[in-house]
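Hello,

Here is the structure for you to look over. My notes follow below it.

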Amino acid sequence: MTKKVNIKIEGIPYQVDEGMTILEAAKACGYEIPSLCAFNHGECNSGSCRVCLVETTGARGLVASCVYPVVEGMEVRISSPKAVDARRRSVELLLSNHNKNCQQCDKNGQCELLHVASLTGARDDAFGGCLTEVHIDRLAPGLVRDTSKCILCGRCIERCKNVQGLGILGYENRGFNTFVAPAENRSFKDSPCIQCGQCVNICPTGALMEHSEIDKVDEAFRSGKKVIVQVAPAVRAALGEEFGYPIGTPVTGKMIAALRRLGFDRVYDVNFGADLTIMEEGTELLNRVKNGGVLPMITSCSPGWVNYAEYNYGDLLPHLSSCKSPHQMQGAIIKSYWAEQNGIDPKDIFVVSVMPCVAKKDEKDRAQLEVNGIRDVDAVITTRELARMIRRSGILFNRLPDEEWDQDIMGDYSGAAVIFGVTGGVMEAALRTVHYVLTGQEKQEIIFKEVRGHEGGIREATIDIKDFMTVNVAIASGMKAAKVLLDDIRAGKSKYHFIEIMGCPGGCINGGGQPYVRSCFLPNEDDNILDTYKEKRAKALYSEDERQVIRQSHNNPQIKELYEKFLGEPNSHKAHELLHTHYAEREGFNEL
């Protein structure tokens, strides 16, 4: 049982858990102290921003409530003139060295600095003087860094280190000249950054953003090309948040309607590509098991994970499946089979992928992902970018009818494909098909509960497929967790046949391109939303899986037709030409 301590806040006595910070205790007692850290994602560096100052009894006076623990008999004043003035001055000091072009900032409306400035009554012209030298990095395909908007909170530094185990970002220089950057102020492009975008999700301002490709899409519309859009499953579980829907509300039908009104010639679901991936990846796994191939085989759907492997585990690249990710596979099919069926030159097709992932922007530019000089995918926009396109077009999302995907050639998909967006989903989808291929029978209990869940970092299971084989599997999301599995493989201690690795914690539902989750901007959500948002988004995908009539990839009739009329069979020569790729070891830092 947690020990309690007695404190007073604004003269009112409370009992709170020992070990809480003042900020946490105040929240538990019904107070919201302005802050830039703890009640957003828990990434608090050292209380350096001083936005959450309160007055306490004792010699210390003003303290940063996010790091200062409660003690027996403490009295806290949040609204004293001294505390109110100190918080306002702290924010004014941040504003004094900040690029205040709010109207042009993509973070406008969800900027935490602007939020606390409003709460504290801070003035943007309270302090004048010199500004820190500005560094802007736009070279990387996925990320943009603009130090003129950075407030040195350190949240990005902590996220990269604690979740991904990388430490790409750090403080450069000292004092007034301090800024946040990769080592030696290199570009993300010239550092071992995996482009996952988790730093973007945690940044309170617009200092870190995805590299927008909306202009590429606009240009494609003007070019007269056939502009085809394909959407990842995790997008439908989160897009509604941008338009006021509760977290975890699936908005598939309205999303499709919005895409049509934006002008796309075809609107397809990447779930078709996910079903195709399972056919190729499941066959590859069975071939490796039967023929003594490299095991364990590791999934290759997550480009952030692939980047991590190329930078840090070049010796383990043969373990990666050679399958392209689902949207790249589908892009290749659109520019081959679909183009052939519709009598269109692939050069006149422009494929746009809507992804929950920032690393997909980097992935589409990989040299290995083109066929006969034709890129599989031409542009990638995130869930957030799609929301911006919808808003600027004047579309009232909430009033849209529910419409269906285009059905020609690649409209069908299975429930197995839908759950690709959740950690463990690729594994579960593959097991559904591997079971059938080995036994010739559908598994009666189709859900593999052993591979589901978000907690613990690593999950493992042993799956007995009747008398045919026992499959040892493992699942990890986030590179810090994945490193444990990879080090075991490197040491020759791995017992697994198949491993699923996702670059972002929780999988694609928590990708670096998904809507921001900030408690301060979600007043209608429950208090523990920051602990449950991944589960709520995952539930949206699992519920769609349950609603599908077809729940295994191998039963998708259009996938069967694709193989019969075009590809031949899984892992055929033509399938390898269009749907498979290879990897190359990369140096951690390129020459400047």
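**Cavities, a pocket, a sheet and a helix pair**

The second largest cavity has a volume of about 130 Å³. Keep in mind that this is a predicted model. The lining of this second largest cavity has 17 residues, and those nearest its centre are C150, C156, V180, A207 and L208. Strand 7 (143–146) and helix 4 (155–162) are the elements that give two or more residues to that lining. By class, the lining holds 10 nonpolar, three polar and four charged residues.

Now the largest cavity. It holds about 280 Å³ of space. Its lining is made of 24 residues, with C301, P356, K360, M502 and C508 nearest the centre. Helix 10 (303–312), helix 11 and helix 12 (359–364) supply at least two lining residues each. Of the lining residues of the largest cavity, 16 are nonpolar, seven polar and one charged. The count of cavities of 30 Å³ or more is seven.

The lining of the second largest pocket divides into 12 nonpolar, 12 polar and two charged residues.

Four strands form an open sheet in the order 12-11-14-17, and the pairing is parallel. Which strands stand at the edges? They are strand 12 (266–269) and strand 17 (379–382). Each has a single partner strand, so one side of each is without a neighbour in the sheet. From one strand to the next, the twist averages 25 degrees. Strand 11 (residues 226–231) and strand 12 run parallel and are joined by four bridges. Q230 has Y268 of strand 12 as its bridge partner. Helix 11 (residues 326–342) lies across strand 11, strand 12, strand 14 (349–355) and strand 17. This helix runs at about 150 degrees to strand 14.

Last, a helix pair. Helix 6 (residues 214–223) packs against helix 13 (residues 383–392) at an angle of about 55 degrees, and their axes are 11 Å apart. That angle makes helix 6 oblique to helix 13. Helix 6 makes the contact with I214, V217 and D218, while helix 13 uses E385, R388, M389 and R392. Three of these contact residues are nonpolar, none is polar and four are charged.

Best wishes

Terms used:
Residues are numbered from 1 along each chain as its sequence is written. This is a predicted model: local features need pLDDT of at least 70, side-chain atom pairs count only at pLDDT 80 or more; totals for chains, interfaces and linings use all residues. Side-chain values use heavy atoms; hydrogens and water are left out. Axes are lines fitted to C-alpha atoms, for helices over the stretch in contact, and angles run from 0 to 180 degrees between N-to-C directions. Angles under 35 degrees count as roughly parallel, over 145 as roughly antiparallel, 65 to 115 as roughly perpendicular and the rest as oblique. Contact means heavy atoms within 4.5 Å. Ala, Val, Leu, Ile, Met, Phe, Trp, Tyr, Cys and Pro count as nonpolar, Asp, Glu, Lys and Arg as charged, and the others, Gly among them, as polar. Two strands pair if DSSP finds at least two bridges between them. On a 1 Å grid over the protein atoms alone, a cavity is a set of points where a 1.4 Å probe fits but cannot get out, and a pocket is an open set with protein on both sides within 12 Å along at least five of seven lines; lining residues have an atom within 4 Å of a point. Grid points are joined across faces, edges and corners, and a volume is the space filled by probe spheres set on the points.
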